[in-house]
Amino acid sequence: MNSDYKYKRVLLKLSGEALMGDTGYGIDPKVVEELAIQIKEIVEDGMELAVVVGGGNIFRGLAGSASGMDRSQADYIGMLATCMNALALQDAFERHDINTRVMSAISMRQVCEPYIRRRAVHHLEEGIVTIFAAGTGNPYFTTDTTAALRACEVNAECLLKATKVDGIYSADPVTNPDAVRYDHITYQEVLAKQLHVMDATATSLCMDNDLPILVFDMTKPGNIARVLKGENICTTVTNG
């Protein structure tokens, strides 16, 4: 294990939208390619990495519900979208010789493994990048909550929240030039100020289990390794 890293086992949360790049829908091959390059670097350095990916680039359950679809049905469709993204990521990672497994909360044995916590931990111990798909397997839970839950289950030391900005701001920095970036903030402040870093359920789960959240900009090459080495290019969320 490279001693430059502050953590040994981490979970990376990717939004489905992040995989779109500039395409507007689906998966941008350039984004996935760059992600594979960054992940190969940290895995070769001995990092144990789990990944949770959303499905918003293909289908969002909340959007389906808002248009009149049954919420549970819409959420199940969204879970299947995360499986498509997970398989695409696995393909990209393996083309870069990264040993990868996809584990799904919804059984689909022809294409991926069922999620079993002890098996997931074993994969991580063996240096296998493990992608958790299909959310928690239950409607009404977001992939943010899935990320917090799986991170706790596999004893991850932190949760990396990949975004398009370099941390948490007091307001949207894209629309508000006076927005202030936080180097550090507590879970309670995130909830009280309704900063929407992750949904309230996910934030509370991290708070209750003292799991740090690191919010960083994934669009810049090399940032995953830089965050894990402790460089001040992210916002850290902790209890204090």
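Modeller: Let us begin with residue classes: Ala, Val, Leu, Ile, Met, Phe, Trp, Tyr, Cys and Pro count as nonpolar, Asp, Glu, Lys and Arg as charged, and the others, Gly among them, as polar. The structure is a predicted model, in which local features need pLDDT of at least 70 and side-chain atom pairs count only at pLDDT 80 or more, while totals for chains, interfaces and linings use all residues. Residues are numbered from 1 along each chain as its sequence is written, and side-chain values use heavy atoms, with hydrogens and water left out.

Biologist: How many residues line the largest pocket, and which of them lie nearest its centre?

Modeller: A pocket is an open set of points on a 1 Å grid over the protein atoms alone, where a 1.4 Å probe fits and protein lies on both sides within 12 Å along at least five of seven lines; lining residues have an atom within 4 Å of a point. Here the largest pocket is lined by 44 residues, with K13, S15, R60, D144 and K161 nearest its centre. Its volume, the space filled by probe spheres set on points joined across faces, edges and corners, is about 1,000 Å³. By class, its lining holds 18 nonpolar, 16 polar and 10 charged residues.

Biologist: Which element gives the largest share of that lining?

Modeller: Elements are DSSP runs numbered from the N terminus, helices being H or I of at least four residues and strands E of at least two. The largest share of the lining of the largest pocket, five residues, comes from α4. The second largest pocket has a volume of about 230 Å³, and there the largest share, again five residues, comes from helix α2 (residues 29-44). The lining of the second largest pocket divides into five nonpolar, three polar and four charged residues, including D22, K30, E34 and K164.

Biologist: With which strands does β3 pair, and in what sense?

Modeller: Two strands pair if DSSP finds at least two bridges between them. Strand β3 pairs in the parallel sense with β5 (residues 129-133) over five bridges, where M103 has F132 as its bridge partner, and in the parallel sense with β4 (residues 113-114) over two bridges, where S104 stands opposite P114. Four of the five residues of β3 (residues 100-104) are buried, a word that means under 20% relative accessible area, with exposed over 50% and partly exposed in between (1.4 Å probe, protein chains only).
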